[in-house]
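Please open the model in your viewer and keep the sequence panel beside it. The stops below say what to select next and what is to be found there.

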Amino acid sequence: MSTLHHEHIVRINDPDNLVSPWLTREQLWRGLHHTVVAPQTVDESIDTANVCEIAPGRLRREIHRGPHCLADEVELAPGDSVIIRADCKGSFAGSTLTIRIEEPAPEALFVRFTYEIQGLEAVRDEEEDQARRSAYQASDIERIRQARRFSAFLH
């Protein structure tokens, strides 16, 4: 088995994009938090998701897709980051997704997505890895879109 590392950044407040409203860090955080506690807003293949707090800032999720159930744990650092850890009993045990808000200058918001995927076949081709990276990026763009949508309802 081998590991795949993938990282990319999504710009949130873009002065060249006058269509998308600018978000504050708090609005962005609330939107990202919503996508974690309601993952079906990001992934249409999810039938149901059950979320329970197991400790302050820590969630346990059960995500159901048809007959399959995936459990993971989420660590929340409000206003800063989300770390999603794959189920320790699943085929991707040890895998993580870190979602971190970055603000290199006031109101210059970015979200960095970092994937550390464990449990992949040791022998695979670059095309497969590139397809996986593309799928992650598409999912993350949808996550940002849904976070924006949710934050618009809060105004």
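**First stop: the hairpins**

Begin with the hairpin of strand 3 and strand 4, where 2 residues lie between the strands and Gly66 takes a positive phi near 55°. This is a predicted model, in which local features need pLDDT of at least 70 and side-chain atom pairs count only at pLDDT 80 or more, while totals for chains, interfaces and linings use all residues. Residues are numbered from 1 along each chain as its sequence is written, and side-chain values use heavy atoms, with hydrogens and water left out. Helices (H or I, at least four residues) and strands (E, at least two) are DSSP runs numbered from the N terminus.

Strand 3 and strand 4 run antiparallel and are joined by 8 bridges; two strands count as paired if DSSP finds at least two bridges between them. Select Glu62 to find its bridge partner in strand 4, Ala71.

Next, follow strand 4 into strand 5, with which it forms a hairpin that has 3 residues between the strands, and in whose turn Gly79 has a positive phi of about 80°. Here 6 bridges join the two antiparallel strands, and Leu76 stands opposite Val82 in strand 5.

Now select the strands together: 7 strands form an open sheet in the order 1-7-6-5-4-3-2, with antiparallel pairing. Strand 1 and strand 2 (48-55) are at the edges with a single partner strand each, so one side of each is left without a neighbour in the sheet. On average, neighbouring strands of this sheet are turned by 20° against each other, direction ignored; axes are lines fitted to C-alpha atoms, for helices over the stretch in contact, and angles run from 0 to 180 degrees between N-to-C directions.

Strand 5 and strand 6 run antiparallel, joined by 5 bridges, and Arg85 stands opposite Thr96 in strand 6. Helix 1 packs on the sheet and touches strand 2, strand 3 (58-65), strand 4, strand 5, strand 6 and strand 7, its direction making about 170° with that of strand 6. Helix 2 also packs on the sheet, touching strand 1, strand 6 and strand 7, and its direction makes about 35° with that of strand 1. Contact here means heavy atoms within 4.5 Å.

Which residues have the most contacts inside the largest nonpolar core? They are Ile12, Leu28, Leu32, Val82, Val111 and Phe113, in a core of 25 residues. Among the elements that give two or more residues to this core are helix 1 (25-37), strand 7 (108-120) and helix 2 (126-153), and strand 7 gives the most, with 6 residues. Such a core is a set of buried Ala, Val, Leu, Ile, Met, Phe, Trp, Tyr and Cys residues joined through side-chain atoms within 4.5 Å, where buried means under 20% relative accessible area (1.4 Å probe, protein chains only).

Centre the view on Val111: leaving aside its neighbours within four places in sequence, Val111 is in contact with His8, Ile9, Val10, Ile12, Leu28, Leu32, Ile99, Arg100 and Ile144.

**Last stop: the whole chain**

Finally, zoom out to the protein chain, whose elements run β-α-β-β-β-β-β-β-α from the N terminus on. Along its principal axes the C-alpha trace spans about 45 × 35 × 25 Å. Buried residues make up 37% of the 155 residues in the chain, and residues 24 or more positions apart account for 48% of the contacts with a separation of 6 or more.

Methods:
Buried means under 20% relative accessible area, exposed over 50%, partly exposed in between (1.4 Å probe, protein chains only).
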